Amino acid sequence: MGVSGLLEVKNNLVGDDRLASDLAMALGRDPRTRDLPIGVYPRLGVVRLSGAVHNSQQKAAAEEIARNFDGVRSVINDLLVDPKAEQLNVMSGAEGGESIDKVPGKYIRHTK
């Protein structure tokens with residue numbers, strides 16, 4: 001406020017936690033992605049989508065929803081297309097790489 005000529009400051013920053021929550025809700029409301037467990041991992045406006053979907057249309061729909069969401073600067077679409085997936089695993093580290101899904105009664109190790 002002490003800068004000469006500055007009339008107003010607007011803070012449009014969105015925290016990663018809120019962005020992840022709001023985008024996950026949007027994916028859950030859209031009929032194309034409603035029943036898909038898609039992991040949403042934002043970092044400073046760059047969102048990584050992780051998990052498995054049954055077809056390329058679902059993968060494209062999830063990316064479209066994320067790209068058009070307020071606060072998203074870019075999207076890394078790491079969704080795997082697997083029509084035979086019985087269990088869609090979504091839990092992975094925000095940076096990718098190796099992680100473990102915690103499923104009651106067993107562990108599933110993922111590597112990237």
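Student: What does the accessible surface of the protein chain come to?
Tutor: About 7800 Å². Carbon and sulfur atoms hold 52% of that surface. Keep in mind that this is a predicted model.

Student: And how much of the chain counts as buried?
Tutor: 35% of its 112 residues.

Student: What's the secondary structure?
Tutor: Two helices and five strands.

Student: In which order do the elements run?
Tutor: From the N terminus, the order is α-β-β-α-β-β-β.

Student: Buried or exposed?
Tutor: Arg-48 counts as buried, because its relative accessibility is 7% and the cut-off for buried is under 20%.

Student: Which side chain does the Arg-48 side chain join in a polar contact?
Tutor: That of Asp-78, at 3.4 Å.

Student: Switching to Asn-77. Which strand is that in?
Tutor: Strand 3, residues 74–81.

Student: Why does Asn-77 count as buried?
Tutor: Because its relative accessibility is 15%, and buried means under 20%.

Student: What does the Asn-77 side chain reach on Leu-79?
Tutor: The backbone nitrogen of Leu-79, at 3.1 Å. A polar atom of the Asn-77 side chain also lies 3.3 Å from the backbone oxygen of Lys-59.

Student: Leaving aside neighbours within four places in sequence, which residues is Asn-77 in contact with?
Tutor: Leu-49, Lys-59 and Glu-63. So Lys-59 turns up both in this contact list and, through its backbone oxygen, beside a polar atom of the Asn-77 side chain, with contact meaning heavy atoms within 4.5 Å.

Student: Where is Leu-44 found?
Tutor: In the loop between strand 1, residues 39–43, and strand 2.

Student: Is Leu-44 buried or exposed there?
Tutor: Exposed, because its relative accessibility is 64% and exposed means over 50%.

Key: Residues numbered from 1 in each chain as written. Predicted model: local features only at pLDDT ≥ 70, side-chain atom pairs only at ≥ 80, totals over all residues. Heavy atoms only, no water. Buried < 20%, exposed > 50% of the residue type's maximum accessible area, 1.4 Å probe, protein only. Polar contact = N/O pair within 3.5 Å; in protein donor to acceptor, adjacent residues only side chain to side chain. Helix = DSSP H or I, 4+ residues; strand = E, 2+ residues; numbered from the N terminus. Areas by Shrake-Rupley, 256 points an atom, 1.4 Å probe, with all protein chains shown as cover.
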